[in-house]
Amino acid sequence: MLELEARAEPSRLMSWLSPLLAVVLMLGGGLLVFSALGKDPIEGFRVFFLNPLKDVYSLSELLLKATPLMLCAIGLAIGFRANVWNIGAEGQFMLGAVAATGVALYFDGSESGLLLPAMVIAGALGGAAWAAIPALLRTRFNANEILVSLMLVYVAQLFVSWLVFGPWKDPDGFNFPQSKMFGDAALLPALLDGTRLHYGFMLAIAVLVAGHAFMSRSFAGFRMRVAGEAPEAARYAGFSTARMIWTGLLLGGAAAGLAGMAEVAGPMGQLTDKVGSGYGFAAIIVAFVGRLNAFGIFLASLLMALLYIGGEQAQQYLNLPSSISMVFQGMLLFFLLGADVLINYRLRLRRRAVGGN
Amino acid sequence: MSQRSAPSAASAPPVLHRAGPDLASPPRLQLKGISKIYPTIVANDRIDLLVRAGEIRAILGENGAGKSTLMKIIYGVTRPSAGQIFWEGKEVQVDNPAHARQLGIGMVFQHFSLFETLTVAENVALALPGKPALDELAQRITDVSERYGLPIDPRRHIHALSVGERQRVEIIRCLLQDPRLLIMDEPTSVLTPQAVRKLFETLRQLAAEGCAILYISHKLDEIQALCHTATVLRGGKLSGECIPAQETPRSMASLMIGRELPRCEHGAAKVGGEVRLALVGLSHASVDPFGTDLQDIHLEVRAGEIIGIAGVSGNGQQELLRAISGEETLAEKFPVQICGVEAGRLPPGQRRKLGLCFVPEERLGRGAVPGMSLADNALLTAARRQQLVAGGFLRFGRARAFAERCIETFNVKCGGPDAAAKSLSGGNLQKFIVGREILQAPALLVCAQPTWGVDVGAAAFIRQSLIDLRDRGCAVLVISEELDELFEICDRIAVIAKGRLSPTRPTAATSVEDIGVWMSGMWPGASTDAAGTPAETLNA
């Protein structure tokens with residue numbers, strides 16, 4: 001009989017093996033899903049997981065997709081470390097996109113080299129401003145930031161729709177809900193010729209490195225780690241809870257806003273009502289699969305990007321519904337949470353107890 | 001720990017009806033070669049134990065000696081890795097606590113397991129098999145409580161009871177099941193000296209009626225006063241057996257820690273030092289609905305002296321400490337003055353800047369972050385005072401060096417500055433935390449339960465460090481429930497009861513008995529209101 005036995009202390013090895021185990025289980029689950037849908041599981045596996053890796057162009061698409069995930073996830077991880085549960089990165093992402101679009105449209109036609117940096121700043125500020133609302137409500141009125149940040153996602157979505165259906169609608173856009181295309185000076189240059197991969201990827205890597213430095217080297221990051229691991233110790237040490245809530249939400253919002261900016265100034269080149277494509281939510285999974293660690297988040301965002309692209313491939317070649325990506329995302333998180341039990345427990349084979357008395 | 005005035009039974013000779021063990025029948029409980037091996041530690045190593053009907057046997061040992069594990073094995077909470085258990089001569093395997101109770105084993109845990117919002121009778125009913133009728137049960141509770149001199153009203157809610165009364169509920173709960181073996185785990189750590197005496201009478205009566213009692217403690221004077229025999233554990237192994245009446249506390253202590261006990265040096269305090277902490281009419285409502293409100297507290301702590309605050313836990317100590325440390329800020333500035341600055345509204349970091357250092361009573365989770373290294377834990381309070389941070393970034397080298405200094409100066413046994421706080425034993429972690437605070441050269445040190453759950457050797461070391469700190473001109477405030485400790489190190493002593501603080505008395509001019517009476521709220525000049533309610537606690 002199998003039984004769970006508490007470990008003397010959490011296993012560090014297992015905390016890194018657990019995501020791998022989750023991936024393996026997800027792949028196994030995927031094979032079952034493919035067979036259940038009447039597809040050849042091996043073919044499905046090839047289309048879903050190997051097609052996106054077959055050439056340089058495919059790989060560049062993978063990195064492109066991973067860019068916003070990385071940005072959102074590293075920002076969220078900083079807050080999560082301190083038990084600040086911002087799950088509204090999706091909304092902050094959209095507001096970052098709106099702010100950057102605002103700058104691009106205002107200076108439409110400008111050739112200035114300062115336009116992109118200004119959009120980067122606007123994107124970060126836009127996302128941070130949106131995250132400031134839950135921070136304010138939490139610190140002022142103790143309103144739960146999980147609910148507030150989540151609900152603000154829907155407000156943000158409606159705000160974007162209003163903009164692209166109303167004041168920012170492209171007059172030459174055949175009534176499509178989208179803004180004007182940005183000028184060249186407002187677009188992130190390509191990183192690799194012939195691909196859509198742009199400098200936003202480098203920006204994401206820079207933010208990952210900065211995020212890592214913040215969490216492991218700065219006093220502010222240290223305070224947040226203490227607050228997350230032992231709230232009473234943070235109180236005892238005199239680390240202000242309010243300040244940590246503000247830091248966690250503002251940094252998370254700013255990173256998500258940057259991701260939104262990189263999306264409109266990168267592959268989209270304009271603002272549309274489809275700007276938020278779930279990156280902000282998927283980033284929550286990325287942050288946890290990546291163990292709230294910068295390098296882990298880098299790997300996890302590649303995996304998540306693979307699921308997105310694989311899902312598109314599966315639609316194209318296997319006639320599977322678009323929700324197939326979500327199924328895989330869900331399985332990944334599900335198996336991860338399950339596998340995480342093994343960090344604190346070990347499996348043991350137990351002989352049947354001999355009845356005493 | 002040795003030749004101090006003993007607060008409990010020793011200071012007023014108890015009636016000794018040492019009925020003693022019943023040698024005729026087979027032993028009530030016998031353990032043969034019991035071992036418990038955890039993945040990282042051998043908690044019990046081939047332990048033999050024997051207890052007879054009518055015998056009160058002490059299980060003596062430092063923290064981590066394996067006492068609790070052994071008791072858990074007897075009570076069926078954990079299973080031994082090896083060894084045999086004999087119950088009244090027959091070999092048994094205790095499957096779980098319900099099985100233990102069925103055999104006739106009762107256990108009163110150190111930490112009570114009572115539901116605060118339920119009544120006494122309801123709590124007792126939950127522990128009994130089946131669904132007892134509450135009225136009938138209430139009558140049985142009253143009967144048992146009268147028989148053993150444990151007065152309790154079965155209809156009262158737990159949250160309204162004093163700690164001594166709660167313990168009574170736990171004991172009555174065991175007694176209702178007619179135990180043939182009663183295990184008491186450090187039962188006196190939360191009681192006033194008077195309540196301790198009362199408890200001992202009950203236990204003696206039980207033993208006289210033929211119940212076997214295992215009494216776990218590290219308080220040597222109590223064991224001398226109460227127990228017929230003692231089994232001493234050290235490092236998971238049996239280190240010896242003795243008859244406490246034929247030993248001195250010193251000889252038992254060396255059996256327990258394996259060497260001679262260090263003694264504290266305590267010279268006279270300097271007088272007329274400047275006031276480092278002044279509490280001026282401090283009143284504060286507790287945030288905890290079951291907490292204690294602080295009422296009009298006045299106190300001065302001067303440079304070069306140690307002031308002790310005694311009291312039964314739950315009388316406002318937590319609230320007072322939080323108000324002084326700044327974890328709970330006040331509406332007004334003036335009630336808390338640190339080094340001459342009105343600090344009532346300052347957060348903890350600001351107060352630390354004024355010269356306050358603070359050792360909280362919970363080590364893991366409050367005084368230290370369990371999963372972080374000692375170097376990181378050094379940063380927790382010393383970041384600013386020891387310049388472990390520059391330009392917003394951590395200076396790892398300096399933090400490590402400071403942690404190493406704490407480890408070296410305070411003789412902390414650990415794997416070095418990278419060891420996680422939770423990997424240290426309680427005593428060593430406490431030494432580290434005390435060291436971290438003392439080495440910051442505070443102007444004022446506030447220390448809560450400095451030696452709670454710390455082994456005898458480490459406790460003596462910590463007490464000596466506090467005295468040395470005083471001699472260097474620091475003002476020290478110690479809040480402790482251990483009267484012996486306060487009498488050993490303090491120059492002046494006060495008592496907190498029901499959120500009010502007594503006047504201070506020079507330690508030399510008072511006695512354990514006086515302070516014991518004060519602990520129930522009755523000190524000269526106490527308002528009738530303050531004295532009225534807690535008088536019940538006295539009867540405990």
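Helices here are DSSP runs of H or I, at least four residues, and strands are runs of E, at least two, numbered from the N terminus. Keep in mind that this is a predicted model: local features need pLDDT of at least 70, side-chain atom pairs count only at pLDDT 80 or more, and totals for chains, interfaces and linings use all residues. Residues are numbered from 1 along each chain as its sequence is written, while chains are lettered from A and ligands numbered from 1 in the order in which they are written.

Back to α1(B), residues 67-74. Is it buried or exposed? Eight of its eight residues are buried, so the rest of the structure largely encloses it. Buried means 20 or more other C-beta atoms, placed from the backbone, within 10 Å of the residue's own. B:Lys67 and B:Lys72 are among the buried ones.

Next, the sheet. It's open, with four strands of chain B in the order β12-β11-β14-β15, paired antiparallel; pairing takes at least two DSSP bridges between two strands. β12 and β15 of chain B sit at the edges with a single partner strand each, so one side of each has no neighbour in the sheet. Three bridges join β11(B) to β14(B), and B:Leu277 has B:Ile338 in β14(B) as its bridge partner.

Last up, α11 (374-382) and α12 (396-409) of chain B: their axes, lines fitted to C-alpha atoms over the stretch in contact, come within 8 Å and cross at roughly 95 degrees. That makes α11(B) roughly perpendicular to α12(B), a label for angles of 65 to 115 degrees, taken between N-to-C directions on a scale from 0 to 180.

Notes
Parallel < 35°, antiparallel > 145°, perpendicular 65-115°, else oblique. Buried ≥ 20, exposed ≤ 12 C-beta atoms within 10 Å, placed from the backbone.
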